[in-house]
Amino acid sequence: MKTKLLCLLAAMVLFTFGSNAQSSEKKKPNIIFIFSDDHAYQAISAYGSKLTTTPGIDRLAKEGALFTNALVTNSICGPSRATLLTGKYSHMNGYKRNDRTLFDTTQPLLSRTLQQTGYQTAWVGKMHLNSLPAGFDYWNVLPGQGHYYNPDFISQPNDTTRYKGYVSDLITQFSIDFLEKRDTEKPFFMIVGHKATHREWLPDLQDLGTFDDTKFPLPDNFYDNYAGRNSAAHQDMTIDKTMLLKEDLKVDIDYQKSWIYNRFDDKQKKVFKAYYDKVSADYHSKDRKGKELIEWKYQRYMNDYLSTAKSLDRNIGQLLDYLDKNGLAENTIVIYASDQGFYLGEHGWFDKRFIYEESLKTPFLIRYPGVVKPGTTIDQLMLNIDWAPSIIDLAGGKVPAQMQGKSFLPLLQSGTSAKTPWRKEAYYHYYEYPQPHRVHPHFGIRTDRYKLAYFYKGGDSWELYDLQEDPTEVSNIYGKQGTEKLTADLKQKLKKLMQEYKDKEALEILAKAKP
Ligand code: CA
C-alpha cells in the first residue's frame, strides 16, 4: 500500500514538473531572421520608397516595428554576416573583408548560444562565409554567392545538389521543409538567407518587364560632382563608368557563352533572350551620349534590381502566409534585414561600402505579436552588433561577454522608446581595398545629426556632414569656420568609441591622422 502511494506521488510530481517544463518551454518564441543581400531601404515602401511597393515586407512594419536608423558597422556582405553571428565588430571577429578569409567558428556564436538555450537552429539559403554553418542543427545553404537560376545547395553533412528553379522560391521551399520536419518540442531559430538582390540582378521569369512602363525618378544627388570629397571622387562604382553594359545591363549578351546564363535551361534562356533582345534593340535605337546614356543605364538598373526584389518580397509574403496557416504566427518573432544598404543611383552609384547613409543604413523590421505594438517606429541608433545580443535576449538566453552589441529589447518594450537609455553615437570601420570598387578604407562616427569620417589608405582626408542641413551628403564641412568645436567633440567621441570597441589598429591610425 505504502509503495503504491509513493509511486502515485512520484508519478504526480513527475507529471506536474514535466508539464510545467513543457509549457514554459513552449512559451519561448520561435525566431525567423530573414536576411537579404544588398536590399536598399529606398526600395521598400514601408521606408517611403518612391520606386516600388513591397507588400510582404510592409506587413512586418504594419504588424511590428520598423527601425529608421539600423546601421551596419562595416558595409559589406561577408563581414555583416560574421557580425550577425558574433555580435562583434570586424576587427574582433576577424572577418574584415569579402575575400577568402575563413570565418573563425570557435568564437562564441549566436547559433551555439541559442542551441544552449534549448533552441533548434537552422540556416537556409545564402550564407557566404567560407565555412559550413557552425552551431546549426540543420542547414541547406548556397555555396558562396550562389546562383539565381537552378542553383546548387549544400546540405548536411556536405552534399551538393543542383535544383531546378529560381533561387528565392527554392529558399522559401527549403525554409518550409525545415519547419515541416523540425522537432516541434523545441522552439526554433531559422536564418532565411536570400541571394536577392545581389548583383547581377537576374529577375524571376514572371517578373521580367514589371517596370517597363515606369520612369524612375533620379535621386537628388545623382549628378554628384564629388567636390570637396577626395575619396568619393576616386571610387570605382558609378552607373556611368563601372556598371557593365553586358553582364549588369544585359545588352548584347551572348546567350550561349556568357557566364551570367550558364545555369539557365533552354526555356529560361529563351524567355530572357526575348526580353533582353528588346532591351538591346532599344539601346541601339538611338545614339545616346552623356546624361541621356547615363539615365538610360539608371532606368535599366532600377528595372532589373526592382524586378529581382519583387520575387524576394513575394517570397517573404509567402513565408508569412505559411506561419499564419500553420498557427505559428502568434509565437514566432519575424525579423527582416539586409546585410547592408545599397546605392540606387545616389551619388551616381550602385554598390555599398561607404559610411554615407544609403549603405550605412540597412532595413530592419521586427514583428513580435503581444510584445511589439503594431506600427511602431524606432529612431535610435541600432547597430548590427546588437542583432545577436537582442536575439539571444528575446530567446531568454545569456549573452556571451565577448559580444559587443546590446539588446534592443528595451526599445521594443517601452513602446515610445524615448525613455530607454541608449547609445548616442555609432562607430563604423570599412576595410576592403583596392578591389573590387576602390573605396578607400575609412572609419567614422555617426550621431543623430552629424557624421565625421576619416579616409586613410589611399585617402588621407576628413569629412564632416550635417545631416539635418545636408541629408544627401554632398557638402563636406570639415575645416569650415564654425565647425571647430563640433569637430573636436566628435573626434573625442570617435576615439572613445575605438577604445570601447578595442579597435587598436584604428587608434594607431587616428593618432597619426592629419589634423
Ligand atoms: Ca551584401
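Axes are lines fitted to C-alpha atoms, for helices over the stretch in contact, and angles run from 0 to 180 degrees between N-to-C directions. Helices (H or I, at least four residues) and strands (E, at least two) are DSSP runs, numbered from the N terminus. The model is predicted: local features need pLDDT of at least 70, side-chain atom pairs count only at pLDDT 80 or more, and totals for chains, interfaces and linings use all residues. Residues are numbered from 1 along each chain as its sequence is written, and side-chain values use heavy atoms, with hydrogens and water left out.

**Helix packing on α9**

Two packed helices are described by the angle between their axes and the distance between the axes. The table gives both values for two pairs that involve α9 (residues 290-325).

| Pair | Angle between axes | Axis distance |
|---|---|---|
| α2 (residues 55-63) and α9 | roughly 55° | within 6 Å |
| α8 (residues 266-284) and α9 | about 165° | 12 Å |

Angles under 35 degrees count as roughly parallel, over 145 as roughly antiparallel, 65 to 115 as roughly perpendicular and the rest as oblique. With its axis crossing at roughly 55°, α2 is therefore oblique to α9. Contact here means heavy atoms within 4.5 Å. On the α2 side, Pro55, Gly56, Ile57, Arg59 and Leu60 meet Asp313, Ile316, Gly317, Leu320, Asp321 and Asp324 of α9. By class, this contact of α2 with α9 has 5 nonpolar, 2 polar and 4 charged residues, where Ala, Val, Leu, Ile, Met, Phe, Trp, Tyr, Cys and Pro count as nonpolar, Asp, Glu, Lys and Arg as charged, and the others, Gly among them, as polar.

The angle of about 165° between α8 and α9 makes α8 roughly antiparallel to α9. From α8, the residues in contact are Tyr275, Tyr276, Val279, Asp282 and Tyr283, and from α9 they are Leu293, Trp296, Arg300, Asn303 and Asp304. The contact of α8 with α9 has 6 nonpolar, 1 polar and 3 charged residues.

Buried means under 20% relative accessible area, exposed over 50%, and partly exposed in between (1.4 Å probe, protein chains only). Helix α11 (residues 387-394) is mostly covered, with 7 of its 8 residues buried: Trp387, Ala388, Pro389, Ser390, Ile391, Ile392 and Leu394. Just after α11, Gly396 takes a positive phi of about 75°.

His128 lies in the loop between β4 (120-126) and β5 (138-142), and at 14% relative accessibility His128 counts as buried. Not counting residues up to four places away in sequence, His128 touches Cys77, Gly78, Arg81, Tyr95, Asn98, Gly144 and Gln145. His128 and Thr101 are 27 residues apart in sequence, and their C-alpha atoms are 11 Å apart in space.
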